[in-house]
Amino acid sequence: MTAIATVIALLAAPMAALAQEGNLPILRDTETEQLLRDYVRPILRAAGLEKQNVQVTIINQPVFNAFVADGHRIFINHGALLQSETPNQIIGVLAHETGHLAGGHLARLREQLARAQTQMIIGMLLGAGALAAGAKSGLSSGGAGLANAGAATFTGSQNMIMHSLLSYQREQEESADRAGVKFLTATGQSAKGMYDTFKRFSNDSLFSSRGADPYFMSHPMPADRVAALEEIARTSPYWDKKDDPALQARHDMMRAKISGFLERLETVYRRYPLSNTSLPARYAHAITTYLHGDLNSALTQIDSLIQTQPNNPYFYELRGQALLEGGKPADAIAPLRKAVALSNNAPLIEILLGQALVATENKAYTEEAITILRNAMARETEQPLGYTQLAMAYAHKGDLAEADLASAQAAFLRGDNKTARDLASRAKTRFAVGTPGWVKADDIASAKLPAGKKDNSPRFQFQVGPQDRTGRPGRGPDPGLDASQ
């Protein structure tokens, strides 16, 4: 019974893990998210999912992985972004995951699991009946035979369920591969990046899969899968098509940013030696310089970047962030205003500007901070940092009711349900009954936070969950459908 239950539990584990999405270390960054939106938008259009509001969410994990959680999200580790040398390689991964969404694979897998559970119960009942009959017959040869038959029934049920589920999951992966190639071809893009990625992982896993029983693998055998993928990918007229140089440049900048924020100092300089004077290398150097406490040198490097690309909002964002974290919030305001304007009012950058305005403790900025933060939080409703800064701005204004409500919203998003209820209850006493503020406070006071929800608020504007100042990401479980498979 334990063995059979374990088989189903292991296959269901990705969905169980994703049900606790609050446990995932989410990483937020306007520049990276915009690039990923540009990557996936044509794919979603080709798949007929453009109007489904599918979001790409970045997980703060260094391993190469991507997976789908439901019909509306694709999760991808920052390790996949960092390890992909071309846009086409990441676009291929996104096309594969879109194949899972378009095929409704998660819903169908749940149906298969439900059937497997029914089969498990039937097998256990039949096996238990045979075992019971064997026990009643005592130690006679007939009793032993019945007992053996019961044990065989258990084993047979286990193998049947395992083979059925694993075979079904292999079929899903092959289907997602075919769909991914179809979407890439429909958008005039090469499937070579997708093939190159899977080929690399095939080589990496060749030794570990040698001698393995393909019927006990949740995905096709690597060599078979890569060969099948290559066969269909090479039929595309776009096989040899290269990425647009401008898109490649954005991809290189994104990778440099991830390296600068999330890799160790020595790793950054191995990846981007000081002799490398390219724009991505300079970007990574500037980031890691400010993170390691040399603000003046970092500002000089950032100013050089701005001179090279004076209309790049993310260089101004970086300058403002460096000044803010360097204890100079008043100086951070001007570059952050510029970043907000050039980024078309990106809400994450607006939150950073609001934070700088609040941090000056200058009441002349209070109303502006409130306006900016409220506008940002209307579009970024699950950012605890924004609500915390909004609470501070309202406190400076002397509006304690709104301050308590914003603090309650921040605590709720952090997963601190008790504090959220206490603050919301206090806010209710300060609002007139029935007003919008009172209703919001009452909702929080009576709400029950799902178990396991954790704070995903940012440490850096390159927004990561709690970590040390070096930006080193934590390690954790690797849930979901592995893009490498």
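This is a predicted model: local features need pLDDT of at least 70, side-chain atom pairs count only at pLDDT 80 or more; totals for chains, interfaces and linings use all residues.
The buried set consists of Pro347, Leu348, Ile349, Glu350, Ile351, Leu352, Leu353, Gly354, Ala356, Leu357 and Val358. These buried residues pack against helix H2 (30-47), helix H13 (313-325), helix H14 (329-342), helix H16 (366-379) and helix H17 (384-397).

## Length and end of H15

H15 covers residues 347-359, and its end C-alpha atoms lie 18 Å apart. At 1.5 Å a residue, its 13 residues should span 18 Å, so the two values agree. Just after H15, glutamate 361 has a positive phi of about 60°.

## How H18 and H20 cross

Two packed helices are described by the angle between their axes and the distance between the axes. For helix H18 (residues 400-414) and helix H20 (residues 436-446), the axes come within 10 Å and the crossing angle is roughly 30°. Angles under 35 degrees count as roughly parallel, which means that H18 is roughly parallel to H20. The crossing of the pair is left-handed.

## Residues between H18 and H20

On the H18 side, the contact involves Leu405, Ala408, Gln409 and Phe412. On the H20 side, Gly437, Lys440, Ala441 and Ile444 meet them. By type, the residues of this contact divide into five nonpolar, two polar and one charged. An α-helix has 3.6 residues a turn, so residues three or four places apart point the same way.

Conventions
Residues are numbered from 1 along each chain as its sequence is written. Side-chain values use heavy atoms; hydrogens and water are left out. Axes are lines fitted to C-alpha atoms, for helices over the stretch in contact, and angles run from 0 to 180 degrees between N-to-C directions. Helices (H or I, at least four residues) and strands (E, at least two) are DSSP runs, numbered from the N terminus. Angles under 35 degrees count as roughly parallel, over 145 as roughly antiparallel, 65 to 115 as roughly perpendicular and the rest as oblique. A crossing is left-handed if the near helix is turned anticlockwise from the far one by less than a right angle, and right-handed if clockwise. Contact means heavy atoms within 4.5 Å. Ala, Val, Leu, Ile, Met, Phe, Trp, Tyr, Cys and Pro count as nonpolar, Asp, Glu, Lys and Arg as charged, and the others, Gly among them, as polar. The expected span of a helix is 1.5 Å times one less than its number of residues. Buried means under 20% relative accessible area, exposed over 50%, partly exposed in between (1.4 Å probe, protein chains only).
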